[in-house]
Amino acid sequence: MTTADVGSRNVAAERLAAALRRPDWHRYAACHGQVQVMFPSNRGKPLSGPATERARAVCRSCQVVDACLSWAVAARPSDGVWAGMTPSEIRRYALAVRSAS
């Protein structure tokens, strides 16, 4: 077995583990299976621009956006668009909710 084989198996194992950790509501999400849309490349910069707007448009049509937002506030994702928000927007939203309580 080569190093590449081991690396490939590690990636496959990580993807399987991630799939098993997905919340139950995720299978009903409008973004289900749209990884390229929901995780636009930002090359180390904050998410913005047309790619982010495409992801937000998917969220606007989603029937589980409230569950997604609740998950995102608790999980604090570091990338992607969740419930129509970028990670920095989710952090600001969570802070505002905590401050209002």
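Trp82, at 14% relative accessibility, counts as buried, while Trp71 is partly exposed at 29%.

These three residues form one aromatic cluster, and a search of the whole structure finds 2 aromatic pairs. Rings of Phe, Tyr and Trp (its six-membered ring) pair if their centres lie within 6.5 Å; planes under 30 degrees apart are stacked, over 60 edge-to-face, and the rest tilted.

| Pair | Centre distance | Plane angle | Type |
|---|---|---|---|
| Phe39 and Trp82 | 5.8 Å | 80 degrees | edge-to-face |
| Trp71 and Trp82 | 4.6 Å | 40 degrees | tilted |

Trp71 sits in helix α4 and Trp82 in the loop between α4 and α5, so their pair ties together parts 11 residues apart in sequence. Phe39, in the loop between α2 (35–38) and α3 (50–60), is 43 residues from Trp82, and their pair links distant parts of the chain.

Stepping back, the chain has 5 helices and 0 strands; helices (H or I, at least four residues) and strands (E, at least two) are DSSP runs numbered from the N terminus. Of its 101 residues, 28% count as buried.

Residues are numbered from 1 along each chain as its sequence is written. In this predicted model, local features need pLDDT of at least 70 and side-chain atom pairs 80 or more, while totals for chains, interfaces and linings use all residues, and side-chain values use heavy atoms, leaving out hydrogens and water.

Methods: Buried means under 20% relative accessible area, exposed over 50%, partly exposed in between (1.4 Å probe, protein chains only).
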